[in-house]
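Q: Could we go through this model together? I would like to start with its confidence and then look at the nonpolar regions.

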Amino acid sequence: MEYLWPHPVSRKEQQKVTWAVRHDGLIFASGYYAGEPETGPPAWRDADPREYTIQYVNQAVQRYESEGLESLLNYYNSVASFEGEWYLFATDAEDIYHIHPLLPRLIGTDIKDVRGSDGYELGEELAKASDQGIWVEYLWPHPVTLKEVPKVSYAVRRDGMLFASGYYVRVDDPAGQTVDYVQQAIDYYRNNGLEATIAHYNSLDSIDGQWGLTLVDETNILRVAHLGKHLIGTNLNDLATRSDRQIGQEMAAITEEGAWISYIFPNVRSSETLYAHSWGVRYDGLLFMSRYYDDQPDVPNEP
């Protein structure tokens, strides 16, 4: 089959050729991108987030006007429509969600019923959008941890329908906040002991926006892994990336002086490729680590 599909680097639609076959009733498929390979950084990497948000929403409106509602629904309800942290959420003329690829459980519900954890009626505010467009600031789940963080969204009406997207407010010093989060975890361990630390940091209450703890004991066994609870009890040395980089062994080599390790982090919720920048420190033989996520491959400077 030949069709258009977003390129994994540029996220722009490009001609793709896929071979598929059935076996035991299942479909197995893979494909390649035709034409010249995409090069260079993605368009959103250095873009102004407000300008890119408007551009992203306008592209969705243009798709609706040129290809119709069915094309809009099929494309923007799939992970193929994500561009970095940008995705579309949209309602019909009655304010009922019909697009939300990050939280599809919202489809079929009224946007006006959506409130933040702080009680802010963000859905009511977004529903006030007209064909002139409005901006709304509120708390919303982070695309990696699903813990609420500040977000700014732009919404506009076309044919009564609401088209909207947004971006997450940038943290001024994410590397510094990562280091501070790890130090807070070490302080918690000093004051409360190992078992209390394991219990606390394995709970959702310990997650602060995109920050959570990974804790490894003296034998390099994972005791806390907030994004991969299935890994708890495994040996850190056995962990590797999809490119066979022995990331676990690199982390296990971290000493009391601390170190940064950066690696590719595929976000399974959006198909977005992020870089996880992890700061780790050994204390009392234990390894405390946390990380932040962005689209920049560079390793942060030592604190």
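Q: What is the mean pLDDT of the chain?
A: The chain averages a pLDDT (the predictor's confidence in each residue, from 0 to 100) of 89, and 91% of the residues score at least 70. This is a predicted model, in which local features need pLDDT of at least 70 and side-chain atom pairs count only at pLDDT 80 or more, while totals for chains, interfaces and linings use all residues. Residues are numbered from 1 along each chain as its sequence is written, and side-chain values use heavy atoms, with hydrogens and water left out.

Q: Which element has the lowest mean pLDDT, and which the highest?
A: Strand 1 (residues 2-6) is lowest at 79, and strand 4 (residues 89-91) is highest at 98. Helices (H or I, at least four residues) and strands (E, at least two) are DSSP runs, numbered from the N terminus.

Q: How many residues are in the largest nonpolar core?
A: That core has 42 residues, and Leu88, Trp140 and Phe163 have the most contacts inside it. A nonpolar core is a set of buried Ala, Val, Leu, Ile, Met, Phe, Trp, Tyr and Cys residues joined through side-chain atoms within 4.5 Å; buried means under 20% relative accessible area, exposed over 50%, and partly exposed in between (1.4 Å probe, protein chains only). Elements that each supply at least two residues include helix 1 (49-67), helix 2 (69-76) and strand 8 (161-168).

Q: What does Phe163 touch?
A: Not counting residues up to four places away in sequence, its contacts (heavy atoms within 4.5 Å) include Val57, Tyr64, Leu72, Leu88 and Tyr154.

Q: Why does Val21 count as partly exposed?
A: Val21, in strand 2, counts as partly exposed because its relative accessible area is 40%.

Q: And where is Tyr120?
A: Tyr120 is in the loop between strand 5 (97-99) and helix 3 (122-126). The C-alpha atoms of Tyr120 and Tyr138 are separated by 7.4 Å, although these residues are 18 apart along the chain.

Q: What is Leu69 in contact with?
A: Leaving aside neighbours within four places in sequence, Leu69 is in contact with Tyr64, His98 and Met161. Leu69 lies in helix 2 and is 45 Å from Gly176, C-alpha to C-alpha.
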